[in-house]
Amino acid sequence: MRLHRIDRREARRIAVRAQLLDAHRATDLLTVLDRLSFLQLDPTAAVAPSADLVAWTRLGAGYAPAHLRQAVERDRTAFEQFQHLAMVRPMADLGLHLAEMATCPEDPRRRAWLKANDSFRRDVLDLLRASGPLLSREVPDTSVVPWPSTGWTNNRNVTQMLELLAARGEIAIADRVGRQRRWDLAERVYPAGTTAVPVDEARRTRDERRLRSLGIARASVVGEAGEPAQVEGTAGGWRVDPAALGQPFAGRTALLSPFDRLVHDRKRARELFDFEYVLEMYLPKARRRWGYFALPVLHHDRLVGKVDATADRPAGVLRVHAIHQDVPFDPAVTAAVDAELAALASWLDLPTVTHAP
């Protein structure tokens, strides 16, 4: 297998195209889900929830948050999963996760707790079979051994049991009431007859799908998927999706969620885009450089700045507190960013964009 030598501009363009952020927009949510492999769910809505913002940047004004809820809760073309983070995945990928789910939990402490609370587990399954779907507060705590923790999960026995049973594929998130999850037996949420792909094959396929969604990545992220590459000006090896090589590129301007996969790997963003970013919502206000939920700005194949903005829904205003230019904006970039802000405000149904003096 030959080694591909790629300059950084081409590497950036491969990454942008792979994430559906070039000029050729996707036309439906399932296409976006299939390519990205998941949408991360995060409740922060300073501008909009991340999953919706990510979908909007790919689909434009035709996307509405109700489309994601319909895919998960009614059409069952997608499912909600909680691993180390909450996400929505295409239902077509369920079989790639079932074999590993059946071995959960791998952590000895959780495995021991689940074994000690087997009667609690059976109580939950029996209740859901008779009455589901249910919110967590509607599930009685019949634990024998409380969940031990020095953190906020201490003695949150029902939540821990529900999440462990979901991780094992015994129950699933049926829908949500507001932000609260409703749980049901997996057999009533997942399609009947879904076959579990063997673990090793599933991991290889997931690595291939992850590389397809990123275009170019380190082996630590995608394993042996794709083909080896070296990127000009970076140390060490990369893996590249061979189907992404040599493709034409047409760019556009986009305002990205801080959780967008184009920028989620901060080291990769520095290496390929010379882009520095820290999500500052967890920092005290006095220590923030860019803002609580600053939106990275993509212009064609460069990440050129951040927009500190807030959706003030009671006032009907998208408030732009600051635009941080990593490189000086020329008139074309300024106009493109202003147009994206106007499009974002329109999508959010906010009549006005205001800029801080």
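Over the ring of which residue does the charged end of Arg-218 sit? The ring is that of Trp-238, and the charged end of Arg-218 is 3.9 Å from its centre. A charge is taken to sit over a ring if NZ of Lys or CZ of Arg is within 6 Å of the ring centre and within 35 degrees of the ring normal.

The model is a predicted one, in which local features need pLDDT of at least 70 and side-chain atom pairs count only at pLDDT 80 or more, while totals for chains, interfaces and linings use all residues. Residues are numbered from 1 along each chain as its sequence is written, and side-chain values use heavy atoms, with hydrogens and water left out.

First, the chain as a whole. Its secondary structure comes to 13 helices and 15 strands; helices (H or I, at least four residues) and strands (E, at least two) are DSSP runs, numbered from the N terminus. Along its principal axes the C-alpha trace spans about 65 × 60 × 40 Å. Of the 357 residues, 49% are buried, where buried means under 20% relative accessible area, with a 1.4 Å probe and protein chains only. Contacts (heavy atoms within 4.5 Å) between residues at least 6 apart in sequence join residues at least 24 apart in 61% of cases.

Now to the aromatic rings. Seven aromatic pairs are found in the structure; rings of Phe, Tyr and Trp (its six-membered ring) pair if their centres lie within 6.5 Å, and planes under 30 degrees apart count as stacked, over 60 as edge-to-face and the rest as tilted. One of the pairs is stacked: Trp-56 and Trp-347, at 5.5 Å centre to centre with 20° between the planes. This pair links distant parts of the chain, since Trp-56 belongs to helix 3 (residues 50-59) and Trp-347 to helix 13 (residues 331-347), 291 residues apart. Trp-347 also pairs with Tyr-63 in a tilted arrangement, 6.3 Å centre to centre and 35° between the planes. Here Tyr-63 lies in the loop between helix 3 and helix 4 (65-73), 284 residues from Trp-347. Tyr-63 is buried, with a relative accessible area of 2%, and Trp-347 is buried at 15%. Trp-56 is buried too, and Trp-56, Tyr-63 and Trp-347 form one aromatic cluster.

Three strands form an open, antiparallel sheet in the order 5-7-6, where two strands pair if DSSP finds at least two bridges between them. Strand 5 (134-135) and strand 6 (171-177) are the edge strands, each pairing on one side only. Six bridges join strand 6 to strand 7 (residues 180-185) in the antiparallel sense; Ile-171 has Leu-185 as its bridge partner in strand 7, and Ala-172 stands opposite Asp-184. The hairpin of these strands has two residues between them, and its Gly-178 takes a positive phi near 65°. Five of the seven residues of strand 6 are buried, so this strand is largely enclosed by the rest of the structure. Helix 7 (residues 118-131) packs on the sheet and touches strand 5, strand 6 and strand 7. The direction of helix 7 makes about 90° with that of strand 7; axes are lines fitted to C-alpha atoms, for helices over the stretch in contact, and angles run from 0 to 180 degrees between N-to-C directions.

Note on methods. Buried means under 20% relative accessible area, exposed over 50%, partly exposed in between (1.4 Å probe, protein chains only).
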